[in-house]
Amino acid sequence: MQDEPKNESKNKSQNQSNEPADMQHAEKVSAFHNAMELQAKVRREEELRERRRQANEAEAAYQAREEYAKELAEEKVELIRLKQGVIEDSDRIFQEEESEKKYTVLQKIGNWFYHSKWWLGIAAFCTIVVAFLIYDYVTRENPDLRILLLTDHIELDAESNLLCDWLENMCEDYTGDGEVLVQTVYIPVSKVNMEAGTNYTAAYNTQLLVQFQANTCMLVLVDPEAEEYLQPEDMFVELDELYPDCPYVSGRRMLLDDTDFEEQAGLTVQLHPGSYLALRIPAENMNSLEENQLAYDQAKTLLDSIVASLHTTGSAEE
């Protein structure tokens, strides 16, 4: 029983000794908590101040942009009014007075060429075309007479220079240039070429039409196949009336089968059987009747010489 009061007194003394330590611990915890809250409060205030600053800056930037856009719009309207002549002067728009720039002679020449390059290009092109036409006209050979070859005989066309050399010996200098020049115009008229339906067909038909609408060739060499695409009774002169005593003449045709035509012309190829010479009727077409008559007379003179020079071959005489 005596031990109990001792234990109680001992426990009281221990409790009394622990109370100051607990109080000190509690005070430390409270001070730390207060410091943390204070720091959090300070950070919170700083964040709020930063947000307010950023918001103010954004608002100021927005207002500045709005003000600038408004000024640009007003200046644009003012400029339009100034250009339209509604107003004569503006305080908003500063117009610089351009000082007159001085150029050197070379700069002026270069500037003129730069601004006139299109006209200069057109003028240069026209000059080149005119020069070419003049050169072509001056240098082009102007024949005294042409003979039209209507036959699909490529070998004859290849030896046409021999034929022309022979005819030049009988032709006169109609151009007055001191030289006699005879040329041929070759059109390969045949059923294949005139009815094939190709681009060449159209070209041959057009060329044939053009030749009979002009007075270029009044003397014509024709073979029977080409005659199918002509109208001899409307195109050719009755040679019987011009050469009644000529043995090779038959109607509108001067037949060459039984003559020494190839030999005299120096040809190494033979004409197609039934080939003949014909003289076109002078009629008014692309040229006047007077021009066609003159071309006819010249071709008739050459044909007279051909008739006089031709001879019947020995086989025909037999």
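This note comments on the surroundings of one serine and on several salt bridges in a predicted model.

1. Ser190 is found in the loop that runs between strand E2 (182-187) and helix H6 (191-195). Ser190 counts as buried because its relative accessibility is 1%, and buried means under 20%.

2. Leaving aside residues up to four places away in sequence, Ser190 touches Asp152, Glu225 and Tyr229. With Asp152 there is also a polar contact between the two side chains, at 3.2 Å.

3. Side chains of opposite charge can pair when their charged atoms come close. The whole structure contains 6 salt bridges. One of them joins the side chains of Glu50 and Arg53, with an N to O distance of 2.3 Å. These two residues lie 3 residues apart in helix H1 (residues 3-84), so about one helical turn separates them.

4. Arg53 also meets Glu57 in a salt bridge (2.5 Å, N to O). Glu57 and Arg53 are 4 residues apart in helix H1, and therefore about one helical turn separates this pair. As to accessibility, Glu50 is partly exposed at 33%, Arg53 is partly exposed at 38%, and Glu57 is partly exposed at 46%.

5. Which residues are tied by a salt bridge with Arg253? The partner is Glu227, and the closest N and O atoms are 2.7 Å apart. Arg253 belongs to strand E5 (residues 253-255) and Glu227 to helix H8 (residues 224-227), so this pair ties together parts that are 26 residues apart in sequence. Arg253 is partly exposed at 27% relative accessibility, whereas Glu227 is buried at 19%.

6. Finally, Glu50, Arg53 and Glu57 form one network, joined by salt bridges that share partners.

How values were computed. Residues numbered from 1 in each chain as written. Predicted model: local features only at pLDDT ≥ 70, side-chain atom pairs only at ≥ 80, totals over all residues. Heavy atoms only, no water. Buried < 20%, exposed > 50% of the residue type's maximum accessible area, 1.4 Å probe, protein only. Polar contact = N/O pair within 3.5 Å; in protein donor to acceptor, adjacent residues only side chain to side chain. Contact = heavy atoms within 4.5 Å. Salt bridge = Lys/Arg side-chain N within 4 Å of Asp/Glu carboxyl O.
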